[in-house]
Amino acid sequence: MAKQVRIVEEYKRAFALFKQDKNFTPAEIEYMAQVYTGIVDESLKNLDQLFLVVNALNTKMTDGKRLEIISAVAGHIDENLNDLRDFNSQNVRLSLQRAKDEQEVKRVKTMYGIR
């Protein structure tokens, strides 16, 4: 659950910054929104599966099978978080590459908290 919260927090923070970044076009921001929607939707599907497994009243299975599914869901959530972080890093690098001068590079680094 904590990783799911991180996914949402990191997505919201990064997307808010990307929308302010003048190095991205409106079409690129729209593409980012689609990618973020896909990542969040996938992670929500994983949570749905987790809730189904944990709810003992609706699902009858062995504890071993339950743990197997929980472990698989945790792995998928880790993948979602890693995908999100990779996507965010790629976009920050792209913004830095598009910066035209040293002043703009400093602005982009400050915006994204890069030293």
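**Close-up 1. Asparagine 88, a residue of helix α3.** In this predicted model, Asparagine 88 sits in helix α3. Is its side of the story buried or exposed? Asparagine 88 is buried, because its relative accessible area is 9% and the cut-off for buried is under 20%. Leaving aside residues up to four places away in sequence, Asparagine 88 touches Glu10, Ala14, Phe18 and Tyr36. Two of these names, Phe18 and Tyr36, come back in the core view, where they are listed among the residues with the most contacts inside the core.

**Close-up 2. The largest nonpolar core.** Here you're looking at a core of 24 residues. Ile7, Phe18, Met32, Tyr36 and Tyr112 are the ones with the most contacts inside it. Which elements give two or more residues to this core? They are α1 (2–20), α2 (26–54), α3 and α4. Of these, α2 gives the most, with eight residues. As general background, nonpolar side chains in soluble globular proteins tend to be buried together.

**Close-up 3. Methionine 32 and what it touches.** Met32 is one of the residues with the most contacts inside the largest nonpolar core. Not counting residues up to four places away in sequence, Methionine 32 touches Phe15, Phe18, Phe24, Phe87 and Asn91. Phe18 is also on the contact list of Asparagine 88.

**Close-up 4. Helix α2 against helix α3.** The axes of these two helices come within 9 Å and cross at roughly 165 degrees. That angle is over 145 degrees, so α2 counts as roughly antiparallel to α3. The crossing of α2 past α3 is left-handed. What kinds of residues make up the contact of α2 with α3? They divide into 15 nonpolar, seven polar and five charged.

**Close-up 5. Helix α3 against helix α4.** Next up are α3 (residues 63–98) and α4 (residues 102–112), which pack at an angle of about 160 degrees with their axes 9 Å apart. This makes α3 roughly antiparallel to α4, and α3 passes α4 in a right-handed crossing.

Notes: Residues numbered from 1 in each chain as written. Predicted model: local features only at pLDDT ≥ 70, side-chain atom pairs only at ≥ 80, totals over all residues. Heavy atoms only, no water. Axes fitted to C-alpha atoms, helices over the stretch in contact; angles between N-to-C directions. Helix = DSSP H or I, 4+ residues; strand = E, 2+ residues; numbered from the N terminus. Parallel < 35°, antiparallel > 145°, perpendicular 65-115°, else oblique. Left-handed = near helix turned anticlockwise from the far one by under 90°. Core = buried A, V, L, I, M, F, W, Y, C linked by side-chain atoms within 4.5 Å. Buried < 20%, exposed > 50% of the residue type's maximum accessible area, 1.4 Å probe, protein only. Contact = heavy atoms within 4.5 Å. Nonpolar A, V, L, I, M, F, W, Y, C, P; charged D, E, K, R; others polar.
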